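This report is intended to be read beside the sequence and the coordinates. Please keep both in view while reading.

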Amino acid sequence: MYLKSGFISFLKVKNIILLILGALLIMFGGFVLLSLRLTYIDDWNTFANAKATSPSVFNLILGFILLIGALVSRRAIFNAEFYSNYFEGDLDGYVTYEELADVTGMSASLVKLQFSVIRPIYMKNVRAIKRDNKRMLELYSKKALCQCRNCGAAIEKRVYFTGVCPYCQGSDLFARVLTDNRVYSISSSVSQGVRRPDFYTKKGLIGRIKGQIIVLCISLAILLINGFMAIDMIQKYNDEKYFTKLILQGKLRNNSVLLEKQGMMDTIIFALVIMAITLIPLCIMISRLRAAINANSCAKFFAKCKNPTVDLKLIPIRLTKDPKRIVKSIRRSIRLGYLKNCSIEKHGGTLQVMLAKHIVKDTCPNCGGPIVGAVNEHYQCPYCRKMLMGVVVKW
C-alpha cells in the first residue's frame, strides 16, 4: 500500500546486476594492478605508465562505486519496506518522526533526512505535514475498529496494543482497518510460536551459526599464518646478518642479495593481499554471527511468550542493556532474515516487540464478502466483481 512495488522489484534486480559487475571489475582490475606491481616492483615509473595501469585503476574505482551504490540501494529498500510495514500496522493515520526514531534506534533528525530521500523514490500514499505545531507523516486516510475474537467485545486502540482483552483476558485481538477501497485486518498468531523457537527464526539458523563459526576459525587461521609470515619477512628484509648467513651456507638465490630481497618482497605483498582479502569477510562474518546468535536468543525468549506484546527491556540481547542498541540489534537480525514473525513498534509511549503479527486484506469494502486466496496486489471480488487495490497476504 505504501510501496512502489513494481519499481522496487526492478531496483532489486538492478542491484543484483550491479553487485556482480562491481565484484568482477574489482577482481580483474585488482588482479592486473597487483600483477604489474609485482613485475615492476623496483620500477615505479614503468608501473605507473604501463598501458594497462590506467584502465585497471578505472575499473577498480568503477567497481567500488557500483558495489557501494548497490549496497546503499539495498539498505534504502529495506528501510522503505520497514516503514511501509510499520505504517500498515498504525491505526491512527499519523506517525511522528520521534516515534520512527525510537523504533529504528536513530535520531529524529536522521530519520527525517532518510525519509526525505526514501519517500519520493520508493514510497507512496504518505506525505509530510505539520500538525499541532509538530512535523509528522500523514498516512492514507484510515478508519479502524478493534475487537476481541474470543468474546466479540469492541475495544479501544490503546487497549488493543496491550494485547489483552480487558473483558475475557484473551489475547485473540484483531483490528479491522478501512482505507478508501482497501480493507485489511491486523491480528496475532502468537499461539503458533509457543514452544517453537524456529517459528521466529530463519530455517536452519543453528546450522548456519555452526557453519559461520567454522568459517570464522578458518579465516582467523589464514589471517594469523599470513600475518606471521609477513612479519617474519619484514624483519629479515633489512637484516644483514641473515643475508650473511645465507651467503655462508650457500642458500642465497642465484648468489644475489637483490633477487633474494625481491623474492621476500613478493612473499610480503602476497601475504598482505591475502590478509586484506580475508579481513573484510572476517569482519562481516563476525557481525553476522553476532546477529544470528542474538536472533536465536530472541527466538527462544519469544517462544516462551503467550502474549503478542513483549516489553523491549526484557529481551535478552548479549552485552548490552541500552534500548537503542537492542532495537538496532533486532532490526539487523530482521534485515538479514535471521529473525522473522516479529516487529518493533511503539504504543502508549512504550517500545514493544509485536509477535506473529498477521496483516491480511480479507473483506470486500463494497459488499462485505470474504476475500479468499488473495495472493496478488490486485483482486477482483467474486461476489460484486469490484476490483480491489492493494490486496495482499503477508507475514
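## Overall form

The model described here is predicted. Its secondary structure comprises ten helices and 14 strands. The radius of gyration is 29 Å, well over the 21 Å that the globule rule gives for 395 residues, so the protein is more spread out than a compact globule. The C-alpha trace, taken along its principal axes, spans about 95 × 45 × 45 Å.

Of the 395 residues, 41% are buried. The accessible surface amounts to about 21,800 Å², and carbon and sulfur atoms contribute 61% of that area. Among contacts with a separation of 6 or more, 64% are accounted for by residues 24 or more positions apart.

## The second largest pocket

The second largest pocket has a volume of about 560 Å³. It is lined by 17 residues, and those closest to its centre are I26, M27, F64, I277 and I280.

Which helices each supply at least two residues of this lining? They are α1 (5-39), α3 (53-89) and α9 (257-302). The largest share, eight residues, comes from α1. By class, the lining of the second largest pocket holds 16 nonpolar residues and one polar residue, with no charged residues.

## The enclosed cavity

The largest cavity has a volume of about 100 Å³.

The lining of the largest cavity consists of Y160, G163, L173, I186, S187, S188, P308, M354, L355 and K357. Two strands, β7 (182-188) and β10 (350-355), each supply at least two of the lining residues. Strand β7 gives the most, with three residues. In terms of class, the residues around the largest cavity divide into six nonpolar, three polar and one charged.

## Residues of helix α3

Helix α3, one of the contributors to the lining of the second largest pocket, contains both S84 and V57. Is S84 buried or exposed? Its relative accessible area is 2%, which is under the 20% limit, so S84 counts as buried. Beyond its neighbours within four places in sequence, S84 is in contact with Y2, L3 and M123.

V57 has a relative accessible area of 34% and is therefore partly exposed. V57 and L25 are 32 residues apart along the chain, and their C-alpha atoms are separated by 9.9 Å.

## A buried loop residue

T201 is located in the loop between β7 and α7 (205-237). With a relative accessible area of 7%, T201 is buried. Which residues does T201 contact, leaving aside its neighbours within four places in sequence? The partners are A295, A299, Y338 and K340.

The separation of T201 from T104 can be given both along the chain and in space. The two residues are 97 residues apart in sequence, and the distance between them, C-alpha to C-alpha, is 20 Å.

## Loop residues with positive phi

Most residues other than glycine have a negative phi. D132 has a phi near 55 degrees, a positive value in a residue other than glycine. D132 is placed in the loop between β2 (126-131) and β3 (134-139). The relative accessibility of D132 is 70%, and this residue therefore counts as exposed.

Q169 also has a positive phi, near 65 degrees, and is likewise a residue other than glycine. Where is Q169 found? Q169 sits in the loop between α6 (157-160) and β6 (173-179). Its relative accessible area is 55%, and exposed means over 50%, so Q169 counts as exposed.

Methods. Residues are numbered from 1 along each chain as its sequence is written. This is a predicted model: local features need pLDDT of at least 70, side-chain atom pairs count only at pLDDT 80 or more; totals for chains, interfaces and linings use all residues. Side-chain values use heavy atoms; hydrogens and water are left out. On a 1 Å grid over the protein atoms alone, a cavity is a set of points where a 1.4 Å probe fits but cannot get out, and a pocket is an open set with protein on both sides within 12 Å along at least five of seven lines; lining residues have an atom within 4 Å of a point. Grid points are joined across faces, edges and corners, and a volume is the space filled by probe spheres set on the points. Helices (H or I, at least four residues) and strands (E, at least two) are DSSP runs, numbered from the N terminus. Ala, Val, Leu, Ile, Met, Phe, Trp, Tyr, Cys and Pro count as nonpolar, Asp, Glu, Lys and Arg as charged, and the others, Gly among them, as polar. The radius of gyration is taken over C-alpha atoms; the globule rule is 2.2 Å times the number of residues to the power 0.38. Buried means under 20% relative accessible area, exposed over 50%, partly exposed in between (1.4 Å probe, protein chains only). Contact means heavy atoms within 4.5 Å. Accessible areas come from the Shrake-Rupley method with a 1.4 Å probe; for residues, only the protein chains shown count as cover.
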